[in-house]
Structures are given as structure tokens and as C-alpha cells.
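Hello,

Here is the structure you will be working with. Please look it over first; my notes on it follow below.

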Amino acid sequence: MRLLHTEKLELTSFLGEERPKYAILSHTWGDPEDEILLGDVQSGRSRLLACGKPGLPKLLKAAEVARDSGLEYIWIDTCCIDKSSSAELSEAINSMFAWYASSTVCYAYISDFESTDPDLLSNSNRWFTRGWTLQELIAPPVVEFYNKDWVSFGNRESLRSELSSITGIEALVFVWHLPSQCSLALSEEESGCDLCHVDLAEMLDSFSVATRMSWAARRRTTRPEDAAHSLLGLFHVNMPLLYGEGQNAFQRLQHEIIRKSTDQSILTFTVKRDHLMSARFRLGNPLHFLFAGSPSWFEPGLQPPLTDKNFRPGTPILLLSSGIQLEVHIAPCTSHPHFSIAVLSCSSKADALSSPALILWEVSRSTTIRSFKRMWIVPREECPEALVFHVNAGTGIVRGQSLSGEWKMQVKLLLPPHPGLWLVDCKHVR
Ligand SMILES: [Zn+2]
């Protein structure tokens with residue numbers, strides 16, 4: 001990791017975990033030509049100070065704030081990575097979440113915010129619209145917010161309610177603490193309060209995959225691959241970077257996530273009509289529709305919010321060349337006899353007894369594995385005539401005994417002729 005000395009404005013490389021304390025900057029890029037790059041710093045202090053680039057004041061001010069709080073080093077993405085080296089860029093992107101998490105303090109520079117009144121912050125401020133700044137908001141132990149003129153107007157904890165309403169991220173993400181810091185943990189055995197987590201990874205894992213995806217749903221990245229790259233840390237996964245692969249990077253991210261997680265909420269995205277009408281759908285790369293095409297498919301409001309509390313871990317989702325395989329409760333759908341429903345191991349937030357389900361079309365069956373294609377149902381608001389499945393305990397479709405194992409079996413989801421996953425109101429008796 002290359003760090004900038006806050007006084008000398010020189011770069012030093014530190015290998016491994018042995019490195020000094022450092023501040024870290026979170027900002028949005030201007031025109032890349034305007035930013036201070038590695039070469040500008042390497043040209044020496046006097047040339048750097050005379051370079052006249054519009055990005056210079058930002059770098060100097062960030063270094064000054066760090067220096068004033070006693071920090072000798074700062075990490076700034078514009079000048080601390082050699083972007084001409086793809087190996088270095090790949091290492092940096094795979095390490096970046098950890099670099100933010102290991103910082104002493106992160107300065108969030110909201111360059112288009114002129115006020116110091118947090119009530120005036122909004123999602124029209126560019127910093128809240130970008131993909132990379134999501135992990136920069138969540139990973140550091142401390143985030144201090146600065147306006148356009150580098151006046152501090154609060155930190156992540158003091159701004160938690162404003163940040164939560166702008167980003168849709170639950171405030172506990174901003175104020176979690178270690179059990180040793182908890183005033184409510186009365187004894188060693190006490191687990192403390194809802195804000196207690198043993199570490200950052202455990203805190204993040206208390207949110208379902210679908211919830212974490214929804215945090216990124218409205219954010220944008222300049223390069224399509226970065227929509228996936230900027231989420232590696234939030235899911236504790238790594239992957240090689242392939243700029244040029246486009247949205248396939250987001251497919252690979254989801255494949256990496258299912259390798260590590262049994263959380264079936266990754267399947268609870270919603271396909272909008274414009275997704276289906278896209279060129280990709282017409283050209284037919286159906287694997288894309290077994291997983292979401294982008295984080296925006298998890299946009300809040302497209303499907304009922306899922307609960308993160310005590311969500312039931314499912315069994316692993318296996319990636320096959322022909323599709324995916326998972327173990328779920330399968331029930332016939334009596335209102336539409338051609339269909340089956342697969343109840344996923346997660347619950348709706350509004351009603352813990354209500355679970356999302358996939359709607360399936362059976363294509364073959366053996367004694368142990370049933371194979372289905374996933375069906376597409378037009379969302380209700382786009383088509384009033386659309387099929388809406390209401391499967392509840394009262395109808396007798398999914399009963400308690402179906403969840404005791406009788407119906408539970410391996411299910412193979414094959415490449416769909418028409419893609420689709422649709423959340424249905426599926427109530428069942430536990
Ligand atoms: Zn606590």
C-alpha cells in the first residue's frame with residue numbers, strides 16, 4: 001500500500017500489514033485530467049505545488065486536515081495507485097475495502113455541498129450517487145464529513161439519521177460497536193445490544209445479501225465492471241478484474257457470493273419490463289436471468305423488504321453449466337396447476353411468516369431432483385391482469401408438514417426460455 005506523507009507530500013510503499021496509522025480520503029472524481037495522479041506526486045514537491053491542476057487544493061487540504069490531527073500519512077485513490085499497472089490496480093481494488101477499514105479516520109469530502117446544515121444534505125449530492133463511496137461510507141471506523149470549503153459538519157455517528165434516510169441503509173450500520181464497548185453487556189456472557197458485533201464482517205453479514213445489494217441499487221459507476229468491483233468488500237469476496245467484460249462482472253460477483261454464502265435472498269431480485277426488452281434479453285444470455293443483471297434489480301420498493309433478523313440460512317446454491325441447483329421447499333400451486341412454487345429461506349420484513357418464492361415450471365423429475373424453469377410474471381403495476389400468486393396458510397397450499405422435509409428436495413433451475421423470478425406473497429405455517 002502506497003501512502004502519501006502529509007508534510008513532505010512524498011509517497012512511500014508499505015508491504016503487508018506493517019504500516020503506520022493513516023487517514024483516508026473519500027471523494028468523487030472530477031475530470032481525470034484534473035486530478036492529482038501518481039506521476040504528479042512523483043515529479044517532486046515543488047513541481048506538484050506548481051502543477052496548477054484543479055485537484056491540487058483537495059489533496060493539499062486533505063493532507064493538512066490529517067496533519068492537524070497528528071497523522072503523518074494519508075491514502076488518496078487518485079495518486080496512491082499506479083493505474084497504468086493492471087496488476088497493481090487489481091490488487092488495489094481487491095484490497096480497497098480493507099484499506100478503508102484499517103484507516104484511522106476517513107474524510108468524506110462532499111465537494112458540491114456548501115452548507116454546514118446536515119438537513120440540506122440530499123441524494124442530489126454527487127457523493128451519495130456513486131458506487132465506490134458506498135464502501136467508503138461503511139468500512140472505516142470513523143468518517144468525518146467536510147463541505148466544499150473543508151468545513152467539518154459532522155461525523156457518521158452524529159449524522160446517522162440523515163445518512164440513513166439518504167442512503168436507505170439502516171442506522172445501526174453507522175453506529176455498531178464491539179461487545180467490549182457495549183454499556184448494556186453486563187457480564188461476559190451477555191451478548192449486549194442489537195448494535196454489538198464482533199467485527200465489521202459479522203456486522204455486514206447480519207444483513208441479507210438482498211439488503212446489501214439494495215444499498216447499491218441506485219448508485220452508479222463510470223465503468224460498468226465497477227458496479228461489481230465496488231461491492232467485493234461488502235460481501236467479503238475477491239475476484240480477478242477483467243475490464244472489458246462489462247456487466248458480466250456482476251454475474252461473477254454473484255457466483256462468488258453463492259460460493260461463500262447460503263443466503264437465498266440473492267435470488268429475490270425483480271426483473272423490470274425494460275430489462276426483459278433489453279438487447280441482452282433478445283440475444284438471449286439466459287444465465288443472466290438466474291442472477292440479477294445489476295444491483296438496480298434489488299432496488300427497494302420492487303419487492304417486499306426482507307427481514308435481516310434471524311434470516312434462515314439456506315443450503316448452498318450450486319452453479320451448474322445448465323443452471324443452478326439448490327434445496328428448497330416445493331409446493332404445487334393450486335390456482336395455476338402448471339406451476340410450482342419454491343419457498344426461499346428468507347422472510348418478509350412486514351410478516352416473518354411470509355416468504356418470497358420463485359415460480360417454477362417443471363420440466364423433468366427424478367426421485368431426488370426436480371428440474372424447473374423459472375417463470376416470468378409481469379409485475380402487477382405494469383399489467384393489471386398479471387398473475388399474482390397468493391399462497392397462504394388458509395388455502396392449504398403450503399402447510400406446516402410441507403416444511404418438515406416432506407416436500408423439501410433438490411431443485412435444479414434450468415436456463416429459462418423466458419427469464420423470471422417473481423416474489424409472491426407466500427405465507428406458510430412453521
Ligand atoms: Zn451493544
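In helix 9, the buried residues are Val209, Ala210, Thr211, Arg212, Met213, Ser214, Trp215 and Ala216. Buried here means that 20 or more other C-beta atoms lie within 10 Å of the residue's own; with 12 or fewer a residue is exposed, in between it is partly exposed, and C-beta atoms are placed from the backbone. Helices (H or I, at least four residues) and strands (E, at least two) are DSSP runs, numbered from the N terminus. Because eight of the eight residues of helix 9 (residues 209-216) are buried, the helix is largely enclosed by the rest of the structure. Its buried residues are covered by elements including helix 5 (132-138), helix 6 (160-167), helix 8 (200-205) and helix 11 (248-260).

Before the rest, two points on the source. This is a predicted model, in which local features need pLDDT of at least 70 and side-chain atom pairs count only at pLDDT 80 or more, while totals for chains, interfaces and linings use all residues. Residues are numbered from 1 along each chain as its sequence is written.

Next, the core. A nonpolar core is a set of buried Ala, Val, Leu, Ile, Met, Phe, Trp, Tyr and Cys residues joined through C-beta atoms within 7 Å. The largest one has 95 residues, and Ala62 and Ile74 touch the most other members. This core lies between domain 1 (2-175) and domain 2 (262-429), because both give residues to it; the domain bounds come from an automatic or database domain assignment. Apart from neighbours within four places in sequence, Ala62 is in contact (C-beta atoms, placed from the backbone, within 7 Å) with Leu25, Ile74, Ile76, Tyr107 and Tyr109.

Ala139 sits in the loop between helix 5 and strand 6 (143-146). Although in a loop, Ala139 is buried, with 23 other C-beta atoms within 10 Å. Leaving out neighbours within four places in sequence, its contacts are Phe97, Tyr100, Ala101, Leu200 and Gly233. The C-alpha atoms of Ala139 and Cys106 are 9.3 Å apart, with the two residues 33 apart along the chain.

Finally, two backbone angles. Leu9 is not a glycine, yet has a positive phi of about 55 degrees. Leu9 belongs to the loop between strand 1 (2-5) and strand 2 (11-13) and is partly exposed, with 18 other C-beta atoms within 10 Å. His236, also not a glycine, has a positive phi of about 50 degrees. His236 is in the loop between helix 10 (226-229) and helix 11, and its 16 C-beta neighbours inside 10 Å make it partly exposed.

Regards

How values were computed. Contact = placed C-beta atoms within 7 Å.
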